[in-house]
Amino acid sequence: MALSLYVDTARWRAHQKSVIDQFPGLVPVCKGNGYGFGHERLADETIRFGADTLAVGTTYEAARIKDWFSGDLLVLTPFRRGEEPVPLPDRVIRSVSSVDGVHALVGARVVIECMSSMKRHGVKEEELGQLHAAIEDVRLEGFALHLPLDRTDGSDAVEEVIGWMDRLRAARLPLHTMFVSHLRAEELARLQQQFPQTLFRARIGTRLWLGDHEATEYRGAVLDVTPVVKGDRFGYRQQKAASDGWLVVVAGGTSHGVGLEAPKALHGVMPRAKGVARAGLATVNRNLSPFVWAGKQRWFAEPPHMQVSILFVPSDAQEPRVGDELVAHLRHTTTQYDRLVDR
């Protein structure tokens, strides 16, 4: 009995192809938990559709994935002096976000990140003049811009990239390749048309692997079902059942990422109101689980355990049976499945 990730493989791959067709020269991203699929699976998919480069999050991920993918590996986390050395092959390309970092990577293949409106990391305009001497000692693969997802100020992503292209050109730095993130296909096409001598390569992860929500589904298997009546005590903390129903033990607990939720940026009155309501219910130990039974998300009977969750299903619903599977609305990037099933 397991927490399973079911993949409609034909549909999933059809979506991959649609993204690849829109973004020529795409660099797929495989970082973290492999967007829920795992590093090995995404490396296999990247080989299947023929990409020459795979982007990973860290040097540690590159050290693992190098045995599954034989092409170039682009490490997205910028190099820092003093970081722990990790043995990596020459086909690994390091991102660098400072002039000092370029100086420290003599002989290495590097992509230089420019400071975008994200304001996360990158070389600044006033530092471009210092790059001339620095890049003589490295193998420059190109520059990169990591752009924000939302532009609440009404600014234009293409104009931001053009601004950096103009700055780099004014500084007489080579513009043969620009790696970009979070551009739409039409925006990328505009840039490629305006700068035909530069190869624009989109680094894409979420849109590529998770863009078709109907292609994947998590399900947790029911391990046990125990009837309870109002007032019965149960669980680690011996709480009382609020009404008649069943305690349903389902595969999927904290070790799988169940109960783990990343903070969300809320926009608008209704999402904020729902957030306040959820927080209020949590103060009285009422937490909605990600598991669905009989068309409704069911409440946790108590906080999830390490490998299972205990849900409360009221008596007015159909009784679950051992071996049933409950659909689970889980975030791919924070979930670790027990098994992956291709359909």
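## The main core

Start inside the protein: the largest nonpolar core has 91 residues, and the members that touch the most others are Phe37, Ile112, Leu131, Phe143, Leu168, Phe200 and Trp209. Helix 6, at residues 157-170, gives the most to this core, with seven residues. A nonpolar core here is a set of buried Ala, Val, Leu, Ile, Met, Phe, Trp, Tyr and Cys residues joined through side-chain atoms within 4.5 Å. Buried means under 20% relative accessible area, exposed over 50%, and partly exposed in between (1.4 Å probe, protein chains only).

All of this comes from a predicted model, where local features need pLDDT of at least 70, side-chain atom pairs count only at pLDDT 80 or more, and totals for chains, interfaces and linings use all residues. Residues are numbered from 1 along each chain as its sequence is written, and side-chain values use heavy atoms, with hydrogens and water left out.

## Around Phe143

Setting aside residues up to four places away in sequence, Phe143 touches a list of residues including Val111, Leu131, Leu168, Pro174 and Phe179 (contact means heavy atoms within 4.5 Å). There's also a second, separate core of nine residues, with Ala241, Val249, Ile310 and Phe312 among them.

## A tucked-in threonine

Thr335 sits in the loop between strand 17 (325-328) and strand 18 (339-342); helices (H or I, at least four residues) and strands (E, at least two) are DSSP runs, numbered from the N terminus. Thr335 counts as buried because its relative accessibility is 3%. Its side chain reaches the backbone oxygen of Arg331 at 2.7 Å. Beyond neighbours within four places in sequence, Thr335 is in contact with Leu3, Asn33, Gly36, Tyr218, His256 and Leu330.

Conventions:
Polar contact = N/O pair within 3.5 Å; in protein donor to acceptor, adjacent residues only side chain to side chain.
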